[in-house]
Structures are given as C-alpha cells and as structure tokens.
Amino acid sequence: MVGAPIEINSSSPDVVVEVETSPGSGSFCIDPRLRAESVSRFSDDRIDEAVIAVRLDSGFDAIDAVDRYQPDVRVVLRSGNLPDATGSVLFDGYPQKLISDRDGNPKRRSDELTIEAVGVYSRWARDARSWIFGRRMRNAAILDTMVLDPVGQAANSVLVEALPCVFNDNGQPNRSPTPILLNDGDGTPRRIYVFTYEGDPAAESWSLLDALRYLVWFHRLPEGPVLSA
C-alpha cells in the first residue's frame, strides 16, 4: 500500500533540510537555500521520495547547485512541530535528479531548481555492495589449527557464502562462544563474535549488541549510514 504524501508548506516553518557536509561524512548542517515541498512514504519495499526546492541567486547558480547537491550527498528533512513527528526525521535519502524550474519570466523573484530525492533504503537496496550474505565463521581448518596455535588463529575467520546471515536461525543459538580478536584501523582491539557450525553444542545466542557489532565490522561501507563500530 502506498502512503499519502506529507504536506509541507509555509505553514510548517520548523521543517528544515539538512545536507551532509561531504559525501559519507555523516555530519549535517541546515541549508537555508533548500525548502521542502513534499515527502511521500511508501510500504512494501517501495521508494520513499522527497521534492526539495533550491533557491538560486547571483551568488549561487545552477552549476553551484549541481556541484553542491551531488547524488552521494545525503539530505535529511526534519520537523520539530508536526503533530505525529515531534523532532523526527521525515525523510533521509539522496538527490536523484535536479530539475530546472526556470521559465524565462522576468517577473520571477528568483530562479529555482527542484531536487527529486529517493530514500536511503531504495538507494542501498540497489547497491550490491550493501547486500549482506553468508556467514563469517571458523572453518574446520581454523578450528583444527587453534588446538596447537590459538594465538595465531585468534583473528582468523572465513566467509561461508552458502549459508544465510541469520542470527539465532529458527530460534536456535548459532553464535561462536569465543570471539575473534581484531585490531581497528587505529590499533584499538576489537572482540567480534562470529557464527559457529550447525549443531555446535557450545553455541550461544546472539545478543542485539553482538549482532550489530558483527554487521558493522564486516559489512559497513565508509560512505554508508553506519560509520563506526
């Protein structure tokens, strides 16, 4: 079922548009040149969409807008006073198209561009790099070697692509009781749990924190929504 558009106009002054300072930075600032016009929310894995007007003037023209509002720069619409969304994010996504609204009328107060943006979910669902598949685990070779060299094998795991990435599959624990030991880019040690083999009597249940750490460590992208473990 398709959701109805959220009405956004001059009577909703607290709706602001925040723009990422650079692609993948995760840092946002309010852009006074942008005015939210509409947001459409959808269900059943459909695309969320937003329409945003860009104010142009002699100091910021269409070329500047194209350079600023790149397809990899996230935009967020936030409202502080809508009845059902106090302080909430109304839209989070990426510019897809920039459309010129100029019609040549000399009486126009200023030229505008319109940004048509699509939601984060839609963008990432089409990016194969963001797909989560397989299970990180210790295979038989690693387990056998750990008996003689536990320190040397402490950081080792393999991706078993044939198994789905399902935590506590069918309600059964499938987390290894012993985490792998890794170092982050700055040398910070990390203890990350991985999957264990089916039917392991020592298997433990995944907690939400353990699962999130696993996903962030093995599946995060520098330019994605999740930036750090």
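View 1. Across the protein, pLDDT (the predictor's confidence in each residue, from 0 to 100) averages 78, and 76% of the residues reach at least 70. This is a predicted model, in which local features need pLDDT of at least 70 and side-chain atom pairs count only at pLDDT 80 or more, while totals for chains, interfaces and linings use all residues. Residues are numbered from 1 along each chain as its sequence is written, and side-chain values use heavy atoms, with hydrogens and water left out. Over residues 82–86 the pLDDT stays under 50. For that stretch the model has seven contacts (heavy atoms within 4.5 Å) beyond four places in sequence.

**View 2. Helix H4 and what covers it.** Helices (H or I, at least four residues) and strands (E, at least two) are DSSP runs, numbered from the N terminus. Helix H4 takes in residues 208–219, and its end C-alpha atoms sit 16 Å apart. That agrees with the 16 Å its twelve residues should span at 1.5 Å a residue, since the expected span is 1.5 Å times one less than the number of residues. Which residues of H4 are buried? They are Asp210, Ala211, Tyr214, Val216 and Trp217, where buried means under 20% relative accessible area, exposed over 50% and partly exposed in between (1.4 Å probe, protein chains only). Among the things covering them are strands S9 (135–137), S11 (180–183) and S12 (189–192).

**View 3. Zooming in on aspartate 210.** Aspartate 210 is part of helix H4 and counts as buried because its relative accessible area is 10%. Its side chain joins that of serine 207 through a polar contact of 3.0 Å. (A polar contact is a pair of N or O atoms within 3.5 Å; within protein, one must be able to donate a hydrogen and the other to accept it, and residues adjacent in sequence count only if both atoms are side-chain atoms.) Setting aside neighbours within four places in sequence, aspartate 210 is in contact with Arg175 and Tyr193.

View 4. Side chains of opposite charge can pair when their charged atoms come close. A salt bridge here is a side-chain nitrogen of Lys or Arg within 4 Å of a carboxyl oxygen of Asp or Glu, and the whole structure has nine. Aspartate 169 and arginine 135 meet in one of them, at 3.5 Å from N to O. Aspartate 169 lies in the loop between strand S10 (158–160) and S11, and arginine 135 in strand S9, so the pair ties together parts 34 residues apart in sequence. Arginine 135 is buried at 1% relative accessible area, whereas aspartate 169 is partly exposed at 24%. Arginine 135 also bridges to glutamate 198, with the closest N and O atoms 2.8 Å apart. This pair links parts of the chain 63 residues apart, as glutamate 198 sits in the loop between S12 and H4. Glutamate 198 is exposed, at 53%.

**View 5. Arginine 33 meets aspartate 57.** These two side chains form a salt bridge of 3.1 Å, N to O. Aspartate 57 is in the loop between strand S5 (49–55) and helix H1 (62–68), and arginine 33 in the loop between strands S3 (28–30) and S4 (34–42), so the bridge ties together parts 24 residues apart in sequence. Is arginine 33 buried or exposed? Arginine 33 is buried, at 19% relative accessibility, while aspartate 57 is partly exposed at 32%.
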